[in-house]
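Notebook open, structure loaded. Today I want to look up some helix packing and some charged pairs.

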Amino acid sequence: MNTMNIVLLIILVLCLILLLVVVIKNQRQNEIYQQALLKKNEETLLKNEWMDSQRKDQWDKVLEQVQYLQKEQILSSKSMENIENDIYAINQIMTNTKLRGNWGEYQLEILLSQYAAENTRVYQMQYMLENGKIVDAIFRLPDTNKVLCIDSKFPMENYSRILEYPGNEEYVKLFKKNVKRHIDDISQKYITTQTTDYAILFIPSEAIYQYICANCEDVLSHALKNHVMITSPTTLIGITFSLISSTKDFYRANHLDEIERNLMMLQEDAYRLVERSNKAQANLETLAKQFGMVSTSATKIAKRIDEISKGKEEEL
């Protein structure tokens, strides 16, 4: 083989080696690129999963808020419906004469039960008089067998018209006429020999009562003339408290000897209790001293037993 052929063979071998190196290098770069791409894909997938989790949490929160709002809307609708029903019921009471009268009697009973504590010595509901008339309530007065009658009236109809048509004197006249008729009715039915010289007209509405006091002087004069006191929920409370206080004072005055005797008995019981507590304290002190002596004796005995035991151990 001549020199030229050898050179060509060497060049061919070098080219093959160079080509092999290039192929290996490209393969390595492809592997690196694929690994980088795979890693990037994994990071992207993890990021998407995290974002999906975040979006899911946000979506769950949105759904929860929507459900809460729907629930609140349902409750609000029910509340509005209940309010509407209550308003309708109140309107029915205020426009129906009989229901309005029942409401006044109910309010009278609630006030008396709250402030007189259902004390039958002070008041009683639905009391029948000797003339056969049933009054809404009566007060029992101290130092007398006579009762003070209370009748509830609710003159709402013409008062509402006064508010609706201010300045219309016709409705004012009708309102005054109605109240005066109630006064006459109470005076005729509930002022008898069985009752006191006065009766009470209870008006459940403070607004109506204030209107009468401010604008109906002739009505007040008519009530005074017929021995009828007009009251409202507020003023009736004052009368109730005054009667309760008077009843208590009357009871104390009429049972003064008994109260004094009970106080003396309580004083004797208190002295006896002090004497017995002093004796019990002395006995406890003696018992404590005896326990101390017993404890001392027990300690001495235990100590002596220990000394004897130690002595035997030393002999052994």
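Predicted model: local features only at pLDDT ≥ 70, side-chain atom pairs only at ≥ 80, totals over all residues.

**Entry 1: α4 and α5.** At roughly what angle do the axes of helix α4 and α5 cross? I looked up the pair and got roughly 105°, with the axes coming within 12 Å. I'm calling α4 roughly perpendicular to α5, because angles of 65 to 115 degrees count as such.

Next I wanted the residues that touch. On the α4 side I wrote down V172, F175, K176 and V179, and they meet I208, Y211, I212 and N215 in α5. I sorted the residues of this contact by type and got six nonpolar, one polar and one charged.

**Entry 2: α5 and α6.** I moved along to the pair formed by helix α5 (residues 206-215) and helix α6 (residues 217-225). Here the axes are 6 Å apart, and the packing angle is about 95°. So I have α5 down as roughly perpendicular to α6. From α5, I212, C213 and N215 make the contact, while α6 brings E217, V219 and L220. By type, I get four nonpolar residues, one polar and one charged.

**Entry 3: salt bridges.** How many salt bridges does the structure hold? I have seven in the notebook, and I looked at some of them one by one.

In helix α8 (residues 256-315), I checked R272 and D269, which are three residues apart, so about one helical turn separates them. Their side chains meet in a salt bridge at 2.8 Å, N to O.

E275 has 45% relative accessibility, so I count it as partly exposed.

Salt bridges with shared partners also join D151, K153, D185 and K189 into one network. Within it I looked up D151 with K153, where the closest N and O atoms are 3.3 Å apart. I have both D151 and K153 marked as buried.

Note on methods. Residues numbered from 1 in each chain as written. Heavy atoms only, no water. Salt bridge = Lys/Arg side-chain N within 4 Å of Asp/Glu carboxyl O. Buried < 20%, exposed > 50% of the residue type's maximum accessible area, 1.4 Å probe, protein only. Helix = DSSP H or I, 4+ residues; strand = E, 2+ residues; numbered from the N terminus. Axes fitted to C-alpha atoms, helices over the stretch in contact; angles between N-to-C directions. Parallel < 35°, antiparallel > 145°, perpendicular 65-115°, else oblique. Contact = heavy atoms within 4.5 Å. Nonpolar A, V, L, I, M, F, W, Y, C, P; charged D, E, K, R; others polar.
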